[in-house]
Amino acid sequence: MNTFDIIPMENWGLGNKNIPLGIAGPCSAETEEQVMNTARNLIHRNIHVFRAGIWKPRTRPGSFEGVGEEGLKWLQRVKKELGLKIGTEVANAEHARLALKYDVDVLWIGARTTASPFTMQELAEALRDTDKVVLVKNPMNPDLDLWMGAIERLNACGIKKLGAIHRGFSSYAKTKYRNVPQWQIPIELRRRHPELPIICDPSHISGCRELIMPVSQMALNLRFDGLMIESHCCPAEAWSDASQQLTPDVVKKMTEELYLRKADVGGEAAVKLSALRQQIDEIDNQLIAILGARMNVAEQIGTLKRDNNMAILQSSRWEDVLAKTVADGERQKLTEPFIRTVFEAIHAESIERQNTVMNEK
Ligand code: PEP
Ligand code: MN
């Protein structure tokens, strides 16, 4: 694996090399007043770059898709009047051209764009040899090669102030996160490319205000190089991502309360333990979501049996299920007593659910 040709972060002309890079600002620039008001309140020694989305990639059509070029003028005001560096998302060559024209300091590639090699190549060429900072969010799907490929394309076009942003990965199962962090993926990126700065975006991982602090602390525990946090002067009224934005005051206070880990205080074991515990928490979260889904199917079976006047228990079916799970368990190094205990509990609950449905008529 080749090393990236990267200019170290302390020479990017942003922030302070002794503290994590702080990027904060609204999900979307909405009005000049909202941008100025938010930026003014974000001024703090821990916040170095003001972010705002100008072109918004939305999952479904019909929602707010960003103010476009007009918003870049507002960002310029933030830079000139408040002295903050400015950053926005670019998703195609035209966005890149405009961001350079308006002297945006930090350009980031969104999760949906990272996943598209053609668009990444087009962006890399549009940004060729730029001395602006370019940050690449992970793709929506947990594919480290796709993430690295996007970074490689930019680096091959002479872009050296380059970093990654970890914003979590989408999952079909409902979890407490909007995007599951899967910390092992950025950890593996760091292992392969220790020269590449990694910034965490706790806002898109969390999807709700309560998780932003613990996710940020986790990122700092893993010695990420910075945080990108969504902040809005009036979060509840935000035109996009309202549930995950924090007021500037909360963001400033949070950056003061976060604990910075030192690399050299024998914390290696503690950091690994913390990453493993986080993985366990995520898996437990998924287990619960899967159990919920399983019980839902049990209820549908209950309805079907009721409507056809069938008994709940067909014991041969249960024996087949048990034999199959024990065999599957063995392949995963799970012992038979363990599998029996777990599946007997699941089966008991499933029968309870079917019975409840049966008694409804
Ligand atoms: C954003 O930062 O507002 C954004 C759209 O993020 P992502 O690309 O991570 O979804
Ligand atoms: Mn957002």
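**Cysteines**

I started with cysteine 234, which is partly exposed at 30% relative accessibility. My cut-offs: buried is under 20% relative accessible area, exposed is over 50%, and partly exposed is in between, with a 1.4 Å probe and protein chains only. I was working on a predicted model, where local features need pLDDT of at least 70, side-chain atom pairs count only at pLDDT 80 or more, and totals for chains, interfaces and linings use all residues. Some bookkeeping for myself: residues are numbered from 1 along each chain as its sequence is written, chains are lettered from A and ligands numbered from 1 in the order in which they are written, and side-chain values use heavy atoms, with hydrogens and water left out.

Then I checked cysteine 157, and it counts as buried because its relative accessibility is 4%. Next I looked at cysteine 234 for a partner, but this residue is in no disulfide. The nearest cysteine sulfur belongs to cysteine 233 and sits 6.2 Å away. A disulfide here is a pair of cysteine sulfur atoms within 2.5 Å, and by that rule I got a count of 0.

**Ligand 1**

Which residues surround ligand 1? I listed Cys27, Arg51, Lys56, Glu89, Trp108, Gly110, Ala111, Arg112, Lys137, Arg167, His204 and Glu230. To get on that list, a residue needs a heavy atom within 4 Å of the molecule.

I then looked up polar contacts (pairs of N or O atoms within 3.5 Å; within protein, one must be able to donate a hydrogen and the other to accept it, and residues adjacent in sequence count only if both atoms are side-chain atoms). Arginine 51 has a polar side-chain atom 2.8 Å from an oxygen atom of ligand 1. For lysine 56, a side-chain N or O atom is 2.8 Å from a ligand 1 oxygen. For arginine 167, I found 2.6 Å between a side-chain N or O atom and an oxygen of ligand 1. On its own, ligand 1 has 290 Å² of accessible area, and the protein covers 96% of that. Areas come from the Shrake-Rupley method with a 1.4 Å probe, and for residues only the protein chains shown count as cover.

**Nonpolar cores**

The largest nonpolar core has 68 residues, and Phe50, Trp147 and Leu154 touch the most other members. A core is a set of buried Ala, Val, Leu, Ile, Met, Phe, Trp, Tyr and Cys residues joined through side-chain atoms within 4.5 Å. Helix H6 (residues 144–156) gives this core its largest share, 6 residues. Helices (H or I, at least four residues) and strands (E, at least two) are DSSP runs, numbered from the N terminus.

I also found a second, separate core of 13 residues, with Leu21, Ile23, Val49 and Val133 among them.

Back to tryptophan 147: I skipped neighbours within four places in sequence and found contacts (heavy atoms within 4.5 Å) that include Thr114, Pro139, His166, Phe169 and Leu189.

Beyond four places in sequence, asparagine 221 touches Arg261, Val271 and Ser274.

Glutamate 81 lies in helix H2 (residues 69–82) and is partly exposed at 48%.

**Whole protein**

Last, I noted 13 helices and 8 strands. Of the 361 residues, 48% count as buried.
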